Amino acid sequence: MTIPSNNILVGYDYDAWYGYSDKLPVTVDVSTKNNTQTLICGMSGSGKSYLTNQYFARICLHGGDDSVVYFADFKQDDSFLHLRECPRYYPYDRTIEALEIVYDILHKRQSGEDVSRHFVTLVWDEYIACILSLLGTEKKRAEAVMHKVSEILMLGRSLAVRLVIACQRPDASAFPTGSRLNFGIIIIVGASIESIYSMLMPKELIEQIGDREFHTGEGVMLWQGSELRLLKVPVVRNEEKMKQICIDALTR
Ligand SMILES: Nc1ncnc2c1ncn2[C@@H]1O[C@H](COP(=O)(O)OP(=O)(O)OP(=O)(O)O)[C@@H](O)[C@H]1O
Ligand SMILES: [Mg+2]
């Protein structure tokens, strides 16, 4: 099955994978026509960072040479060891620098000063942990950061500025003014934690999941707040190639 040029693969259909050993791609149209602000959540060990790596590589490939990507890795996870030397990789205490740069681009586009519309994507692993850490020491700054995130989530689509946020539990308090509703792509991996589901999905959709028991790298995707897909995240076939795509995109 060929994937349309505006689409990227997120994983494979969970039921088809286990039901009749078939690989049915689950893809999303990531052009600016859709809201592709992305939230990836699930408990520790559920496969968020593993999925983030491959999702990021596909975003890099899709955006082409003029797209610009930034990577904020608050935890400095081993999953992203290969990115550490890249110029647009922002570890731990530099995480907020990446946000400031991307927020500035959003503002310049919004004000008309910047008329370019190539994709600008910031991937931010362990967003909530970062906010909690800031709240513990610099409350005002934490609030300013959350407001910038909210603004990007609300205004970014048509200006081609996008966030891919990964965190364990996406508490509403970390997304002020209801901006958590502005994720067009929500992926929840791993064990079905009722409290996470109910913060992100209406009851009718949660019912569609039924009694499926998801393990690491399995779960659900909510597309544009209304369509539910069940996901199996594949093992990366050529890890070196995937890593190189990400390194090149964070460097060029
Ligand atoms: N789809 C998958 N297929 C095979 N192995 C996977 C898959 N997803 C994750 N894993 C493995 O499971 C382990 C945990 O995954 P990962 O580090 O991505 O979890 P996490 O949700 O980011 O956890 P944390 O919140 O602690 O950072 C890793 O060893 C990873 O290689
Ligand atoms: Mg992780």
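Q: A residue is near a molecule if its C-beta atom, placed from the backbone, lies within 6 Å of that molecule. Which residues are the closest around ligand 1?
A: Happy to start there, with a note that this is a predicted model, in which local features need pLDDT of at least 70, side-chain atom pairs count only at pLDDT 80 or more, and totals for chains, interfaces and linings use all residues. Residues are numbered from 1 along each chain as its sequence is written, while chains are lettered from A and ligands numbered from 1 in the order in which they are written. Ligand 1 is surrounded by 15 residues, and the closest are S44, G47, S49, Y50 and G217.

Q: How many residues of the shell around ligand 1 are polar?
A: Ala, Val, Leu, Ile, Met, Phe, Trp, Tyr, Cys and Pro count as nonpolar, Asp, Glu, Lys and Arg as charged, and the others, Gly among them, as polar. Three residues of the shell are nonpolar and two are charged. The number of polar ones is ten.

Q: What is the radius of gyration of the protein chain?
A: The radius is taken over C-alpha atoms, and the globule rule is 2.2 Å times the number of residues to the power 0.38. For 252 residues, a compact globule would come out near 18 Å, and the chain agrees with that. Its own radius of gyration is 17 Å.

Q: Which residue is the bridge partner of I40 in strand 8?
A: Strand 3 (residues 38-41) pairs with strand 8 (residues 185-189) in the parallel sense, over four bridges. C41 of this pair stands opposite I188. For I40, the partner is I187.

Q: Which residues of strand 8 point the other way from I185, I187 and V189?
A: In a regular strand the side chains alternate between the two faces of the sheet. A residue is buried if 20 or more other C-beta atoms, placed from the backbone, lie within 10 Å of its own C-beta, exposed if 12 or fewer do, and partly exposed in between. Five of the five residues of strand 8 are buried, so this strand is largely enclosed by the rest of the structure. Pointing the other way are I186 and I188.

Q: Which residue takes a positive phi in the hairpin of strand 9 and strand 10?
A: Strand 9 (residues 218-223) and strand 10 run antiparallel and pair over six bridges, with L222 facing its partner L228. Three residues lie between the strands of the hairpin. The one with a positive phi, near 55°, is Q224.

Q: How far apart are the axes of helix 4 and helix 5?
A: Axes are lines fitted to C-alpha atoms, for helices over the stretch in contact, with angles from 0 to 180 degrees between N-to-C directions. Helix 4 (residues 127-137) and helix 5 (residues 139-159) pack at about 145°. The contact (C-beta atoms, placed from the backbone, within 7 Å) involves I131, L134 and L135 of helix 4 and, among others in helix 5, V145 and M146. The axes are apart by 6 Å.

Definitions and conventions
Two strands pair if DSSP finds at least two bridges between them. Helices (H or I, at least four residues) and strands (E, at least two) are DSSP runs, numbered from the N terminus. Two residues are in contact if their C-beta atoms, placed from the backbone, lie within 7 Å.
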